[in-house]
Amino acid sequence: MKGSLIIIGFFVLGIVCGIMHWLPDLNAYGNMSFMTLCALLFCVGVTVGNNTALLKSFRQLDPRFMLLPLMTITGTLAATAVASLGLSGRSLTDCLAVGSGFGYYSLSSILITEYRGPELGTVALLANIIREIFTLLGAPLLVRFFGPLAPISAGGATTMDTTLPIITRCSGDKFVLISLFHGFLVDFSVPFLVTFFCSL
């Protein structure tokens, strides 16, 4: 929760700085968003590459749990497609691109801004932050009414980092490995799916 509020705080601060012209226009220095995205992906790659124990532990999972990331992706995209029917100002592909962020606000918002502009990028940032906050606050209720896998699915790509502690507390320690595996695969799908829907 604290991490999400910090991200929102920096986002609001950036808006204020832009409105007040306190900082130079970063777009004047070339494709700054793309360079930031490349640096971010490099850091994620280094983190995953250094954690070989995590990759080995995935082999111990019950094969049935390996379907959970697929169900999260399918369910999110299906719900996003249904929601797009009520949004006359946005196309189906715009909505699917935003939904494909799966809570990974830093990556998806940069990609969507590059492809579809800052307005939809801002929508993606807020939608994905809201998904994370919903999981952080709603995890106990999700477990109570839908079972221990519900907050993992709701957390999307965040289940390997920011929402992992609350998932562990509410679902139990035996779901930590499932949560990490789920977050890893959903996280990995984000750049491919967002880019795919943005290019349609």
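**Cysteines and salt bridges: a guided tour**

Select Cys 17 to begin: Cys 17 is buried at a relative accessible area of 13%, where buried means under 20%, exposed over 50% and partly exposed in between (1.4 Å probe, protein chains only). This is a predicted model, in which local features need pLDDT of at least 70 and side-chain atom pairs count only at pLDDT 80 or more, while totals for chains, interfaces and linings use all residues. Residues are numbered from 1 along each chain as its sequence is written, and side-chain values use heavy atoms, with hydrogens and water left out.

The structure holds zero disulfides, a disulfide being a pair of cysteine sulfur atoms within 2.5 Å.

Turn now to the salt bridges, which number four; each is a side-chain nitrogen of Lys or Arg within 4 Å of a carboxyl oxygen of Asp or Glu. Select Arg 64 and Asp 62, whose side chains form one of them at 2.7 Å, N to O. Arg 64 is exposed at 64%, whereas Asp 62 is partly exposed at 27%.

Proceed to Arg 116 and Asp 94, a salt bridge with its closest N and O atoms 2.1 Å apart. The pair links helix α6 (residues 105-116), which holds Arg 116, to helix α5, which holds Asp 94, 22 residues apart; helices are DSSP runs (H or I, at least four residues), numbered from the N terminus. Arg 116 is partly exposed at 23%, and Asp 94 is buried at 7%. Finally, display Arg 90, Asp 94, Arg 116 and Glu 119 together: salt bridges that share partners join these residues into one network.

Conventions: Helix = DSSP H or I, 4+ residues; strand = E, 2+ residues; numbered from the N terminus.
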